[in-house]
Every structure is written in C-alpha cells, then in structure tokens.
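Please read the points below with the model open alongside.

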Amino acid sequence: MRISVLDVGSNTVRLVVADAAGGVPLPVHTAKWRLRLAEQVAPGDLIPDEAVERLVRAVAAAARTADRWGAAGPLAFATAVVRAAPNRREVLREVRSRTGVALCTLPGEVEAELTFLGARRWMGWRCGPLALLDIGGGSFEVAFGRGRLPDFVASLPLGAGRLTHDFFADHDPPSPEALRAARRRIRHQLRDVAARVRWEGPRTAVATSRTFQQLGRLCGAAPGRHGPFMDRTLRRGDLREAISTLAALPAAERSRLPGISAPRAAQSLAGAVIGHTAMKLTGLTSVTVCPWAIREGVMLRHMEDGPAWWAEVSRLTDEEEAAPEPVPLRLAQHGPSPARTPVAPPTQRAAGEPATDRVR
C-alpha cells in the first residue's frame, strides 16, 4: 500500500509519499512548495486572495505528484496559520472545490498527539517516559507520555512566526528590550506546562520540526545530508550562545550561518528563544532532534486505524467551531486510552491571542 500526506505549514506545503507495507511508513518521494504564508498573514488575519490562489496551485500540484507516484489522494491538513484565520472555512472550501483534495485543519492538541506518536515510534520504547517539544510557525506544542499516545498535551500561541511578528518586526536586529519582552511572553504562557513536565521527570526529551532541525545544525549537529539515522542532540547551553549570535545579526545575514535557511532566517531567532526558554523552564539540559513528527504520525494512525479514522477527522473539520472539545482520535481497538490530566491554562492571555488555544 502506498499513501501520501500533505502538510500545509506556515512556510511550505510538504508532500510525503510512503510505502506502508510491514507497518512502517518508508518514504519513496518528498516534495515541497514554498508559500511563506506567515510572511503575508499576521496572526488572526484573513488569508488574502493571492495567497489562497498560490495555496490552491500548490495543493493541486501535490495531488498530481502523489498520483504519479501511485498514491491515493493525500491525507491533507493545514496547521496554525490557516487554522487561526477568520476565513479558514472559505479557504478550505476553495481548496477542496478546485483541487478535489479534502484539506482539513487539526486542533493544536491533536497535532501534538500525532507528533508524539511519530516521535515515540522513531525513538522506541527504550526511551521510557517521553517529553516532546515542537515549534511551528503559529503555535508551540508540548506533550508527555509513557505509552503510544501522550498522557497530556498543550498547544500554545508561541510559534516562531507569531513571536517574530509580535516582537521582532520593528527593528532588525531586535533590541534587547524586545528580546526580554518575548521571553516574558513565553515564560507566562509556558509556566504551568513546564511545571507539569518537571514534575513528571521524563527520561527522554525530543524536539521536532524544521525549526529545531535548523537550530540543531547551527549548534553543531550533523547536517541533513548525513541521513536520518545520525544521532542529533541540541544542548541548552549551545542554544543560549546561538541566541546571542542570531540576535546580533540582521535577518538577511542569518542565512549565512550553518543550518539556517533563507526562508526561515527571519524567524530563527524567535525559534531559538522559544526553544531555550522552554528547555530552561522544563529543566531539560538537552533534547534529541527527531526526524519523525506529525506527517509520520498521520501515516501511522492511518495505517493502524484504517481510512475511517481520517475520514472522521475530515468530516469534523467543518463542525470544529461548534465542538466544545478537540476531535477525539483514540479508537477502541487499541484498548483503554490513557487519561490525560488537564494542565491549568495561563491565568491571563496577551492582547490579541486567540481564545481557542487550550491546554489539555
């Protein structure tokens, strides 16, 4: 069986085509299309018509590519930039009607669950109780668990693109005051989640996402051309030094540093500040940079739970705003679901942050 997954993120549309025989998604082809939605859409703003047009073209090209590689229509989802847009429903309908691809959005908590599943499967059971950090463009996900799926998850409005827009857009490079203000926002939003992670005392901590991969390379990890099986560790002390390096440079010059790509150079500083602050608050001195994340998690759930699982996810996308809780994704055939203990949300939100972000 050959399957494909399409991930519409803050900067790129990414397609993965994989063979699913034997219970392991083995990639046979990957492709990406640059959109840079985060540069065109401020948090909570409408997605403009020209960006929707580019998105439609990219999704259509991805569907054609998946078909050429012998995969069925992609399991397609969009992350925080589309999810937070007031015209989200209109964008999804436009993509579906013009491409035939049932693009949907996932609640941030569900993204964390799926990312945790991908990381857990990559790391294996020997890693024991596992903590996960994942930096996106619009949100930051944290999860902890001892089993296949996490015991608790949190999705917070602390994406690298969001913080770049909120704190680093006026001066390049940013002022020390802007850096301090960004750290205050992160500490305020993360304090309850970090306390839970410290209390749990994870044996292993992993970081996923392209942002963490690039920061790992900047801090001395092996380059991507060495393949996914290289051990890649990101240490908190190295990340602290990287912040000083990134903060001293204009965004355009950061792409000259090892690992920092030109499209992500502007938000690399915010990503480093988020990662370092999260590691410090949770007491993590290092994290393993994991190559598997949400796309692999989607493939694993599809392989193990069947097509009906994703069909239910897509169906509930249009009902999401009316639902009091995120879409439940655990299925009965895997036995009882582990209880997820709620983590108290921050007592106050910064101005302009969406009220739909929840900590679970």
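1. Basis of the note. This is a predicted model, in which local features need pLDDT of at least 70, side-chain atom pairs count only at pLDDT 80 or more, and totals for chains, interfaces and linings use all residues. Residues are numbered from 1 along each chain as its sequence is written, and side-chain values use heavy atoms, with hydrogens and water left out.

2. The structure contains 14 salt bridges (a side-chain nitrogen of Lys or Arg within 4 Å of a carboxyl oxygen of Asp or Glu). Arg180 and Glu177 form one of them, with 3.5 Å between the closest N and O atoms. Both residues belong to helix 7 (residues 176-200) and stand three residues apart, about one turn of the helix; helices (H or I, at least four residues) and strands (E, at least two) are DSSP runs, numbered from the N terminus. Arg196 and Glu200 pair at 2.8 Å, N to O, and in helix 7 these two are four residues apart. Both Glu200 and Arg196 are buried (buried means under 20% relative accessible area, exposed over 50%, partly exposed in between; 1.4 Å probe, protein chains only). Arg180, by contrast, is partly exposed at 44%, and Glu177 is partly exposed at 48%.

3. Arg301 and Asp305 are linked by a salt bridge whose closest N and O atoms are 2.5 Å apart. They lie four residues apart in helix 12 (residues 294-305). Arg301 is buried at 1% relative accessibility, and Asp305 is buried at 10%.

4. Glu141. Which side chain of opposite charge is nearest to Glu141? It is Arg83, 4.7 Å away, and Glu141 is buried yet has no salt bridge (Lys and Arg count as positive, Asp and Glu as negative; His and the chain ends are not counted). Glu141 is part of strand 7 (residues 140-145).

5. Second largest cavity. Thr211, Gln214, Leu215, Ile260, Arg264, Gln267 and Ser268 line this cavity (on a 1 Å grid over the protein atoms alone, a cavity is a set of points where a 1.4 Å probe fits but cannot get out; lining residues have an atom within 4 Å of a point). Helix 8 (210-218) and helix 11 (265-282) each give two or more residues to the lining, and helix 8 provides the largest share, three residues.

Conventions: 1 Å grid on protein atoms, 1.4 Å probe; cavity = no way out; pocket = protein on both sides within 12 Å on 5 of 7 lines; lining within 4 Å.
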